[in-house]
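The tour moves from one selection to the next.

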Amino acid sequence: MNRTDAPLVEDPKGQERRRYSGVAVALHWTIALLIFVQIGLGWYFNEALPDHSPAQDSLQDIHVSLGLTTLVLILIRVISRFVIPAPELPRGLPQWENWLAHAVHILLYLLMLALPLSGWLMLTLRHAPIPFWGINWPALPGLGAYSGPAHRALSGAVKHVHVFILIWIALGLIGLHLAGAIKHQFDDHPVLWRMIPFLPSRD
Ligand code: HEM
Ligand code: HEM
């Protein structure tokens with residue numbers, strides 16, 4: 001019998017080990033919420049408000065500060081992922097589903113880093129101040145001297161990546177992730193209890 005077909009663990013501690021740690025759960029839901037807020041806020045100040053209005057400027061400052069705060073939380077999450085390993089995926093899943101879940105999780109980690117880093121790079125290339133809750137966040141090092149047409153083209157490309165390409169990738173990946181979590185809830189391999197602390201354990 002291989003490990004994934006093993007009978008259910010009787011020992012409640014074994015079940016608890018199949019849950020994500022408190023740190024992973026807190027960071028997962030805080031960062032998920034911040035990303036949804038950031039997509040809504042970004043769309044609102046950039047598309048719905050008049051350009052260069054005071055409201056647009058102050059909401060952009062909040063978007064930037066919140067985005068950098070999210071970056072710090074994401075870095076803590078990546079480090080803590082190495083310190084506290086994630087539980088194994090549910091037993092008995094077909095190989096392709098294991099592979100897809102792993103691939104989507106890795107892509108979500110890359111996306112979580114790319115979203116705020118592209119925003120930071122965009123403001124660095126504009127040589128614009130980078131507000132962080134009332135103080136100045138440093139520009140990305142090594143890019144201060146650039147200017148001219150090639151630089152303007154690069155700056156435009158990074159903006160397109162931040163406001164368009166990454167957002168659609170995010171919506172697609174999060175949709176896939178959510179669809180996987182819901183599918184497993186109904187196909188006898190539930191996973192939500194592993195990430196939602198007050199749900200009873202099921203395996
Ligand atoms: C947590 C990650 C972030 C997400 C999900 C996010 C998302 C977005 C979205 C959806 C937009 C507007 C798209 C549209 O126009 O429809 C936007 C615009 C913008 N974001 Fe972010 N953002 C994040 C982090 C950051 C960070 C860290 C910075 C800067 C350090 C930043 C700077 C900006 C700026 C300056 C704009 C306006 C761009 C323009 O001038 O058109 N963002 N962002
Ligand atoms: C929309 C609501 C969401 C739900 C219902 C949800 C649900 C879950 C669940 C149940 C797991 C555990 C999967 C397992 O047991 O193997 C998980 C893991 C994960 N989620 Fe979400 N999630 C959501 C949003 C997000 C968002 C917005 C992101 C990031 C952009 C994200 C990133 C991740 C990552 C990277 C993992 C893997 C954690 C690891 O193994 O290190 N999730 N999610």
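Select H4 (95–125) and H5 (149–186); these two helices make a left-handed crossing. Helices here (H or I, at least four residues) and strands (E, at least two) are DSSP runs, numbered from the N terminus. A crossing is left-handed if the near helix is turned anticlockwise from the far one by less than a right angle, and right-handed if clockwise. H4 and H5 pack at an angle of about 155°, and their axes are 9 Å apart. H4 is therefore roughly antiparallel to H5. Axes are lines fitted to C-alpha atoms, for helices over the stretch in contact, and angles run from 0 to 180 degrees between N-to-C directions. Angles under 35 degrees count as roughly parallel, over 145 as roughly antiparallel, 65 to 115 as roughly perpendicular and the rest as oblique. The contact of H4 with H5 has 18 nonpolar, 7 polar and 1 charged residues. In this count Ala, Val, Leu, Ile, Met, Phe, Trp, Tyr, Cys and Pro are nonpolar, Asp, Glu, Lys and Arg are charged, and the others, Gly among them, are polar.

This is a predicted model: local features need pLDDT of at least 70, side-chain atom pairs count only at pLDDT 80 or more, and totals for chains, interfaces and linings use all residues. Residues are numbered from 1 along each chain as its sequence is written, while chains are lettered from A and ligands numbered from 1 in the order in which they are written.

H5 has 38 residues, so at 1.5 Å a residue it should span 56 Å, and its end C-alpha atoms, 55 Å apart, agree with that. The expected span is 1.5 Å times one less than the number of residues. Just after H5, find Asp188, which has a positive phi of about 75°.

Next, select H2 (22–48) and H3 (54–83). Their packing angle is about 155°, with the axes 9 Å apart, and H2 and H3 are therefore roughly antiparallel. Their contact divides into 15 nonpolar, 9 polar and 1 charged residues. The crossing of H2 and H3 is left-handed.

Turn to ligand 1. Which residues come nearest to ligand 1? Of the 25 around ligand 1, they are Gln38, Gly42, Asn46, Gly67 and Gly119. A residue is near a molecule if its C-beta atom, placed from the backbone, lies within 6 Å of it. The shell around ligand 1 has 14 nonpolar, 9 polar and 2 charged residues.

Then select ligand 2, which 18 residues surround; Ala32, Ala86, Val191, Arg194 and Met195 are the closest. H2, H4, H5 and H6 (192–195) each supply at least two residues of the shell around ligand 2. By class, this shell divides into 13 nonpolar, 3 polar and 2 charged residues.

Finally, show the whole protein: it has 6 helices and 2 strands, in the order α-α-α-α-β-β-α-α along the sequence.
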